[in-house]
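Please look over the structure below with two topics in mind: how its chains meet, and how one residue close to a chain start is placed.

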Amino acid sequence: MYNSIVLVKQVPDTANISGKVMKDDGTVNRSKLPAIFNVEDKVSLELALQIKERYGGKVTAITMGPPRASDILRECLFMGADDVYLISDRKFAGADTLATSYVLSEAIKQIGNFHFIFAGRQAIDGDTAQVGPQTAEKLNIPQITYTEEIVDLKKDKIQIKRKIDGGYEIVESKLPVLLTVLKDVVTPRPFSAKRVMAYKGAKSLIELEKLTEENSLLYVDKLVHEYKERKLYINTLTTDDLNIDVNRCGLKGSPTKVFKVESVVLASGGHKKIEATKAGLGELIDQLMSDHIFG
Amino acid sequence: MEFKNEVWVFIEQRGGKPADVSFELLCKGNKLAETMGGILKAIVIGSGTDEIAKQTFKYGADEAVVIDNPSLKDFRTIPYARILQNLVKENIPRIVLFGASIIGRDLAPRVASHTKSGLTADCTDLQISDVKYLNENHSKLLLQIRPAFGGNIIATIITPDVPTQMATVREGVMELCPLDKPKKEKITKIEYKPEPIDDLVQIIKQHREENKVNLKAAPIIVAGGYGLGTKENFRMVEELAHTIGAEVAGSRAAVDAGFVTPDRQVGQTGVTVRPKLYIAIGISGAIQHRAGMQDSSKIIAINSDPEAPIFDIAHYGVVGDATSVIPQFIEAYKHKLK
């Protein structure tokens, strides 16, 4: 039996971004962006679910993000996660990878009882690939990045095939271990229709608080109790729920600062227009031949 | 705060061979150290590393710090990270640079986390500058410059409040420039003290293939993008490359779509190239792609969209559909060569 914690992230769809979504302090105004489930994280969730199906155990998905990140936690439930956690607080905003991994590692310590931590190799918004290794460091456990395949799993040891520069290697690690996973390792399963019906109403504390704001007859504590009973509560952790130093969170706890952001301005091109005809292309080839590039 | 003006470069090896990116970073590190009025140290971890340590002086190292032990022969995260983080804590270098390779991207975050240093991934430029940030003056900070968020912006990252500034850089981004006269050799050996945690992960087997693709050395490159539409259309790019004796490359979108293998990706998260001629077909020209090819001597852009940003850096522009332009190009080329 193996328990897994999966780190998931809601990311802006970087294909649909304009310069306007940058705030004056250089951080990203995520509320202005279409948001999606980071694909490599979804792949890691699939891997964790496969281990659970084969060996038994529990899969817990956690994310740090703004309130609307509960969208991807519901998706985790639709796929088969047993438990989900939203780690959300205004004080976490503007976090770089160091501040993010600090909060995640403290949440993981609180959840406890895990054999594996899974994460995507990197998120498409920053492409840094840093949060996985930094979380492993803070938990003082080994990491295996660039996972391509689980070769073997026995007792407290796992063998992994991982990518290296120019090839691959097979490594064996003692558990617990943090694995970061490449995109093509497994195909994430589609949502189960049954689970969508069961969990589409799952709500985080923040979402329940919103309900009570709209209806004075409702009380948060009662709602939380009720949603927990119905297994529809998205566990919600704020700075108050975690044993953390707020100075190490968010923008404050981030050593990297965005000093300057420039929209990409292109030097206006002084290129020579070539007709898309055989004659036009022929002239271009002549030119390249006289420049000794061709021929 | 007063800092030691030391620049460190982690010298990476793969199967006992030093990685090009490490020497490229020494060249850049040498320039940064000069600007800061500091010194450059090469950090060499491995087994049987004498030759590699000696080579670092040719690329500007003032000192090679060597940690040599048979159990360090192959890279493993924990022992390498422990060695580096202890060195960083004891010596507090101002800058530490890593290749943005699989090893560098595995190691650097771990070391940065332990030492609470700032770390910026995949920088496309590094500069030293005095900076005024939030009304405070900081002298000689490292500007860590990288495209971000889909390439719509270029961000300059700084880490003003921590002693050590760390960055990773992809292979080929910085130029390799060996010194005419190597610096005087100074090698400092440091003993490796193993800990039980170092052996939690063991390497069972390693398999490496000589990299068959060498885009960096190719004088002519023909690159295709997502605009080609299908894998079949991408074959025409390969045919053109074959005809004119060029290497084939692709944009990240083309790699993601499966048109071409990842080892042929040009751009910020791929290879940086500087060929004599770069032909970009069906590539819109996002900043991440341009970061990897804009220093090419001559650029031909072929694209059906006359507004595509690739035309702004091209020397020659052909507006037209790739599936009709490529065959005409091939035919014209064959005709001229007759």
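The model is predicted, so local features need pLDDT of at least 70 and side-chain atom pairs count only at pLDDT 80 or more, while totals for chains, interfaces and linings use all residues. Residues are numbered from 1 along each chain as its sequence is written, and chains are lettered from A and ligands numbered from 1 in the order in which they are written.

**Contact between the chains**
- Strand S13 (residues 257-263) of chain A pairs with S10(B) in the antiparallel sense over six bridges, where pairing requires at least two DSSP bridges between two strands.
- In all, 67 residues of chain A are in contact with 71 residues of chain B, contact meaning that C-beta atoms, placed from the backbone, lie within 7 Å.
- On the side of chain B that touches chain A, H4(B) gives the largest share, nine residues.

- B:Phe3 lies in the segment before strand S1 (6-11) of chain B.
- Leaving aside neighbours within four places in sequence, B:Phe3 is in contact with B:Arg94 and B:Pro163.
- The C-alpha atoms of B:Phe3 and B:Arg94 are separated by 6.7 Å, although these residues are 91 residues apart along the chain.

Definitions and conventions: Contact = placed C-beta atoms within 7 Å. Helix = DSSP H or I, 4+ residues; strand = E, 2+ residues; numbered from the N terminus.
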